[in-house]
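Please read the following report alongside the sequence and the coordinates.

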Amino acid sequence: MAEEDDPQSPLLESTSSHGASEAPLKRTGTQWTAVAHIITGVIGAGVLSLAWSTAQLGWVLGPICILCFAGITVISTFLLCDCYKYPDPEYGTIRNRSYMEAVKLYLGEKQQWICGVFAQESLYGCGIAYTITAAASVRAILKSNCYHREGHDAPCVYGDSVYMLLFGLVQIVMSQIPDFHNMGWLSVIAAVMSFSYSLIGLGLGLAKVIENGTIKGTITGVSASSIFYKLLLAFEALGDIAFAYPYSIIVFEIQDTLKSPSPENQTMKKASMYAIVITTVFYLCCGCFGYAAFGDSTPGNLLTGFGFYEPYWLVDLANACIVLHLVGGYQIFSQPVFATAERWFAYKFPDSEFVNQYYSCKLPLLPALQLNLCRVVFRTAYVASTTAIAILFPYFNSVLGVLGALNFWPLGIYFPVEMYFKQKKIRAWSREWIFYRSFSFLCLLITIVGFIGSVGELVIDELS
C-alpha cells in the first residue's frame, strides 16, 4: 500500500518527487466526502435543462438517453479510477494527481498537450455556464416576487449583467480557498443545496401534473417547423444531457483527497456509483415531471423559465439554493485550473517572491489565511474573464449544449479508454479491445451530432 502522506508535485509531473522543501500532504477524504464532491460537480446547471431536453426527444428517447449517459459515465469513471496509481491500480507507487498528469504518464507529452486544451477549456467553460445560470436564478427570484406582487401579466423585466458581476465578485473571494483539500465543507453545503432545489423542482413538476389532471407530452417530443430544425433541437438536447453528466476532468483531484486503506480506486468507484445512481434518479424525475407538467411549453431552464409562479416563496427558495450550489460548483471546476497554473508558475519561477511568498492574514471569526500575490492576481483575472464571456453569450441551453458536446468524447471517453489500454496492457483485437473501441466510436458520433445542433442553435440565438 502506498504511503498516506506524500508531497505535491510540480505542474504536469507524473511522479511523486519528495523534495525536502515541500510540505507533506495529508489525505483525509472518505467515500462520503467523495460523493459530496461528485454531486457538487455533477448536479449543477445541467439538471435545469433536462426537462427541455426530454421535451425535444419525447417520452421514449428522452428517458432512454438520460439512462444511457448515466451508463457511459459509470464506464468512463471506472476506467479512470484504475488509472490513478501506476503501475498497479491499487498498490502503484506513482500517483496521478490531475487528469493531465495521467495523460502524460500513460500517453506521452504530445497527447498531454492536446488533452490540456480540452481540459482547460472544459473547466473554464463550466465557470461560464455556472455564471450564466446563477445570474438567471437571481433574476428569477426578482421576477417571481414581481409577478406575485403585480400579477402574472406584469412586465417584469430584469437584465443579467449586474447579477453576473455580483456572482463574479463572490467567486473572487471564494477562489482564495487554497485547494481541494480545504473545501470539503463547501462541497457538502453545495451538495445539500443541489438536493434541495432538485427536490423542489421535482415537487413543483409533480404538483403541476396533478393540477393539470393529465400528463402532457408526446412520444416524439416537441413539434418543429421543419425536419431539419427538429433534428437541430434533438441534437442540442443530446449536448445538454452530455453536459449534465460527465465529471471525468475532476476524478483524479477528488480521488487524490482519499485516505487509504481501503485502496483509493475501490473507494472512488463506490463513491462514483452512489453519486451517479442518486444523480440519475434526480435527473429522470426532474426531466420527466417537468415535461409531463408543461409538454411543448417546457422552458429551457425549469426553475427560471417561469412555468411556475406559485408558491412564489418556494420558487425563490429553489433559485436561492441554485445560486448557493453554483458558488461551490464553480470552485469545484476552477480549482484544477488554479492548481495547474500555480504549479507552472512555481516551476518556472522558483526564486520569485511574487509567486512563492505567502502572507498571513487574520480576519475576525475566521481562521488565519495564507495569501499569495500570484494566486490573488491570477484567480481574480480568471474569474473576471469567465464573467465577461458569460455577459457576452448569456444563452443557457445553447452554451450548455456546446460545452457538453465538445468535451464529452475527448475527455469523457477517448483519453480514459486509451489510458486504460496502457494500464491493463490490452491486446489489439481482443474482446475487451473491440468493446471499448466500439464504445468510443459510438460516443464520438454523439459528440458530433450534439456539437452540430448546439452550435447551430447558438448561431440562431445570437442572430436573433
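This is a predicted model: local features need pLDDT of at least 70, side-chain atom pairs count only at pLDDT 80 or more; totals for chains, interfaces and linings use all residues.

## Cysteines

C321 counts as buried because its relative accessibility is 6%, where buried means under 20% relative accessible area, exposed over 50% and partly exposed in between, computed with a 1.4 Å probe on protein chains only.

A disulfide is a covalent bond between the sulfur atoms of two cysteines, and here the term is applied to a pair of cysteine sulfur atoms within 2.5 Å. By this rule there is one disulfide, and it joins C146 to C156 with an S to S distance of 1.9 Å. C146 lies in helix 4 (residues 109-150), while C156, ten residues apart from it, lies in the loop between helix 4 and helix 5 (161-174). Because the torsion about the S-S bond of C146 and C156 is about -75 degrees, the disulfide is left-handed. C146 counts as buried at 7% relative accessibility, and C156 is buried at 5%.

## Overall fold

The protein has 14 helices and six strands, which are DSSP runs numbered from the N terminus (helices H or I, at least four residues; strands E, at least two). For 464 residues a compact globule would have a radius of gyration near 23 Å, and the value of 22 Å for the protein agrees; this radius is taken over C-alpha atoms, and the globule rule is 2.2 Å times the number of residues to the power 0.38. The C-alpha atoms fill a box of roughly 70 × 60 × 40 Å along the principal axes, and 55% of the 464 residues count as buried.

## Nonpolar cores

A nonpolar core is a set of buried Ala, Val, Leu, Ile, Met, Phe, Trp, Tyr and Cys residues joined through side-chain atoms within 4.5 Å. The largest one holds 106 residues, of which Y99, Y197, Y283 and M419 touch the most other members. Helix 13 (residues 396-424) supplies the largest share of this core, 13 residues. Another core, of six residues, lies apart from it and includes A51, A293, F294 and L302.

## Selected helices

The 37 residues of helix 10 (residues 312-348) should span 54 Å at 1.5 Å a residue, and the end C-alpha atoms are 54 Å apart, which agrees; the expected span is 1.5 Å times one less than the number of residues. Helix 10 bends by about 35 degrees at S334, with a proline, P336, following within four residues. The bend is the angle between axes fitted to the seven residues ending at a residue and the seven starting there.

In helix 12 (residues 373-392) lies T387, which counts as buried at 6% relative accessibility. Leaving aside neighbours within four places in sequence, T387 is in contact (heavy atoms within 4.5 Å) with T131, M164, L165 and G168.

Key: Residues are numbered from 1 along each chain as its sequence is written. Side-chain values use heavy atoms; hydrogens and water are left out.
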